Amino acid sequence: MIGPILARLRPLLFGPQDSLATLRFFRAVAPGGCNDPFKVIVHKRTRLILGRDLRVTGPGVLQIGHDLGHFPRGTSSVLRMADGASLVLNGKHLILSGHQIDIAEGATLSLAGGYINHDARISCSTGITIGDGTIIAEEVCIMDTDHHQLHGSAMSAPVTIGNKVWIGNRSTILKGVTIGDGAVIAAGSVVTKDIPPAALAGGVPAKVIRTGVSWS
């Protein structure tokens, strides 16, 4: 029994992550929302702002603020989870450094297997779901809320991003949008309406350019 335990402790003790922040996150969610200290690995220069009654569920794992690889930035990251916020992890997910992730009170951010590149902005007021095999490029912004209400319209609505979606640099995904499986969002797009599966969309606002696309 000791061998497997030591094997799991080794990366926490000697890896590039912030071990104290990782343990602090676990302590914040352990009372009712997580029983695995290795489910969320917090890397260095990641600031945690944690409320009460947090939950982390699902079979997956998450690394946040990762700054290794070919182009390390050395930039700081922020994860804020307000009271009652939830993370659902359905696969191995990697979020690179420079991110600002805000999960509001009672909101749920659901991540399957994939990664989010540097300097992402995610504002989750009700619910954001990102599917399996989806890759999100640098400086992408995903928001399920306007933060202020335009009279006559809803302020917030859930965002769903399907499986194996590719979202290009500096794109913005706004409230209430569903992006279908296999879709591609061109760099610099602002997505305000649903995008069908296997479609290439781009522009401001984003429109379907081509259907039946695939990518690897």
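Visitor: What should I know before we start?
Guide: The model is predicted, so local features need pLDDT of at least 70 and side-chain atom pairs count only at pLDDT 80 or more, while totals for chains, interfaces and linings use all residues. Residues are numbered from 1 along each chain as its sequence is written, and side-chain values use heavy atoms, with hydrogens and water left out.

Visitor: Which residues of H2 are buried?
Guide: In helix H2, residues 19-29, the buried ones are Ser19, Ala21, Thr22, Phe25 and Val29; buried means under 20% relative accessible area, exposed over 50% and partly exposed in between, with a 1.4 Å probe and protein chains only. Helices (H or I, at least four residues) and strands (E, at least two) are DSSP runs numbered from the N terminus.

Visitor: Where do the buried residues of H2 fall, seen down its axis?
Guide: They fall within an arc of 165 degrees, so they line one face of the helix, the arc being that of the directions from the helix axis to the C-beta atoms. The face turned away from that buried side carries the exposed residues Leu20 and Arg27.

Visitor: Changing topic, what is the strand order in the open sheet of seven strands?
Guide: The order is S2-S5-S8-S11-S14-S17-S20, with parallel pairing, where two strands pair if DSSP finds at least two bridges between them.

Visitor: And which strands stand at the edges?
Guide: Strands S2 (46-50) and S20 (190-191) do, each with a single partner strand, so one side of each is left without a neighbour in the sheet. Strand S17 (residues 172-173) pairs with S20 over two bridges, and isoleucine 173 stands opposite valine 191 in S20.
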